[in-house]
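Let's take a walk through a protein model together. Have a look at the picture first, then read on.

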Amino acid sequence: MSDWRDNLNRTIFPYVEYEGYDDKYPTLEPIYLSEEFCDKLRDASEKLYSVMSSTTHIFQKCPYDWMAKMEIPEKLIPYMDIPNDLGLPTWLSRFDFIVTPLGDIKLIELNADTPCAWVEAYYGNDVAAEAFGRDDVNYGELSHLQKFLNEIDAKTYHPAFNPSTGLFMGEGAFGFSCFEDYTEDYGNTLFLMDCLKRSGSLKTTSKFQSFYDIGVDNIGIKSIKESGDLDPKRNDYNYYRTLYRLHPLEILIDEVDQNNEELGCQFLDRYKEGSFSMVNPPECIIMQSKTFQAMLWQLYMSKNSNFYTPDQMNTIRDHVLESYFERDFKLVEKNKEDKWIKKPTWGREGFGIQVFDGYGIIGEKQFDDEAEIVRRESNSYLYQQFADSVPVSMLVDSGRVNGYLTFSVFMLGNKASSIYCRFSEDIIAGTEAYWVPTLYGNKNDNILF
């Protein structure tokens with residue numbers, strides 16, 4: 001049997017094989033979807049982006065003590081309402097959904113800060129489409145991604161002379177950064193940088209720099225590896241005018257340098273002063289917080305027309321599950337059989353999530369090494385109605401496996417783009433999940449949705 005995954009370029013997609021896992025990351029077979037279902041996913045995503053963007057603007061007007069109660073890290077709060085070049089709270093994001101047995105599309109979360117899987121959705125899916133002789137549900141979206149990155153590049157290009165430094169700070173490099181020893185992060189970061197380069201009209205230059213080698217001074221952010229060769233009175237691409245960072249903001253804000261200086265705060269101080277633009281902007285962290293959905297639900301339940309339009313209210317009703325802060329959840333009338341899910345505010349990769357009913361815990365994410373999950377410790381939780389997703393079976397290297405699918409839609413600003421799908425044996429998907437190619441099916445295929 002031929003293996004379509006042999007066609008994946010490991011330079012572009014370096015994590016097809018994962019160390020510590022016997023099975024390859026992509027499944028041996030795709031799933032087939034209808035155009036109607038893909039249109040519904042994208043439509044839900046654009047409508048939810050509108051709702052969540054509106055809610056973010058409400059949140060930004062809240063007093064500091066409310067933000068603290070929402071567990072926004074205290075050091076981040078002063079940076080929550082800085083105008084940004086696109087006027088959007090997040091620029092590159094990804095919605096995650098489950099689909100219920102009734103076909104309802106329900107929101108899990110919005111990855112508003114550091115979404116991954118660009119390689120899978122914008123490159124790998126096309127390779128699978130060619131191998132299986134079917135149409136890619138993401139056909140044409142790579143071009144849209146390149147155009148949007150070019151738009152970011154153009155709108156964050158502000159050449160302006162700073163007489164105190166002698167630098168044209170707006171003419172610095174468009175930097176792309178992550179910790180390169182995280183293979184998945186590294187692959188995604190390089191992929192996005194390559195997309196920008198291929199857009200054809202990069203304003204200055206772009207370059208990758210490990211987060212290990214980025215420093216901050218009173219001028220801006222720069223590559224510390226090259227700083228010894230710099231003339232501080234010369235415009236130099238060693239400084240960044242725009243930075244794409246694949247490193248969680250809630251982690252970055254508390255980091256210090258080797259001299260115990262507050263690196264994260266210095267980093268955002270330079271941003272606040274306008275020395276560089278950042279992808280994604282700081283306020284994206286508002287939507288990244290799990291308890292953000294509890295705030296959204298609370299505003300929805302208030303039925304106050306000052307918050308949402310009728311269409312936005314319908315979007316919340318159709319796609320958002322009942323969501324509560326812990327203090328409110330205690331007051332909710334519940335049946336013993338009702339299933340709920342408990343999520344830590346800053347959980348990642350399913351860490352700390354529990355599914356429970358009135359009799360006890362039904363499911364809980366377990367990890368062999370919890371230290372491997374990069375996360376901020378949480379003191380608060382989101383309590384949310386649990387919805388069953390459609391069970392499926394998928395063929396992987398170890399055989400046919402039963403489990404569940406999570407669908408995702410990438411957002412380029414406020415526009416829905418590529419679709420991505422994960423498969424997990426667990427009801428709570430985490431690092432063990434497989435990537436499933438998504439293709440349009442024809443009359444001879446078993447079209448899932």
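To get from β7 to β8, the chain passes through helix α5 (residues 183–198), making a right-handed β-α-β crossover. Keep in mind that this is a predicted model.

β7 has another parallel partner in strand β11 (residues 240–245), and that pairing runs over 5 bridges. Here S177 has R245 as its bridge partner.

So is β7 buried or exposed? In a regular strand, side chains alternate between the two faces of the sheet. In β7, A173, G175 and S177 sit on one side, F174 and F176 on the other, and all are buried. With 5 of its 5 residues (173–177) buried, β7 is largely enclosed by the rest of the structure.

## The nonpolar cores

The largest nonpolar core has 126 residues, and W118 and L145 touch the most other members. Helix α1 (residues 35–60) gives the most to this core, with 9 residues.

What does W118 touch, once you leave aside its neighbours within four places in sequence? Its contacts include L145, F191, L192, Y244 and F410. There's also a second, separate core of 5 residues, with I341, V355, F386 and I428 among them.

Now find helix α10 (residues 310–319), where Q312, M313, T315, I316 and H319 are buried. Looking down the axis of α10, you'd see its buried residues fall within an arc of 155 degrees, so they line one face of the helix. Why can that happen? An α-helix has 3.6 residues a turn, so residues three or four places apart point the same way.

On the other side of α10, P310 and D311 are exposed. The cover over the buried residues of α10 includes α1, β3 (105–111) and α9 (292–301).

## An open sheet

Finally, 5 strands make an open, antiparallel sheet in the order β13-β17-β14-β15-β16. β13 (323–325) and β16 (360–364) are at the edges with a single partner strand each, so one side of each has no neighbour in the sheet. From one strand to the next, the twist averages 30 degrees.

The partner of β16 is β15 (residues 354–357), joined over 4 bridges, and F356 has I361 in β16 as its bridge partner. Helix α9 lies across β13 and β17 (381–385), at about 105 degrees to β13.

Conventions: Residues numbered from 1 in each chain as written. Predicted model: local features only at pLDDT ≥ 70, side-chain atom pairs only at ≥ 80, totals over all residues. Heavy atoms only, no water. Buried < 20%, exposed > 50% of the residue type's maximum accessible area, 1.4 Å probe, protein only. Helix = DSSP H or I, 4+ residues; strand = E, 2+ residues; numbered from the N terminus. Pairing = 2+ DSSP bridges. Right-handed = clockwise from strand over helix to strand, strands pointing away. Core = buried A, V, L, I, M, F, W, Y, C linked by side-chain atoms within 4.5 Å. Contact = heavy atoms within 4.5 Å. Arc of directions from axis to C-beta. Axes fitted to C-alpha atoms, helices over the stretch in contact; angles between N-to-C directions.
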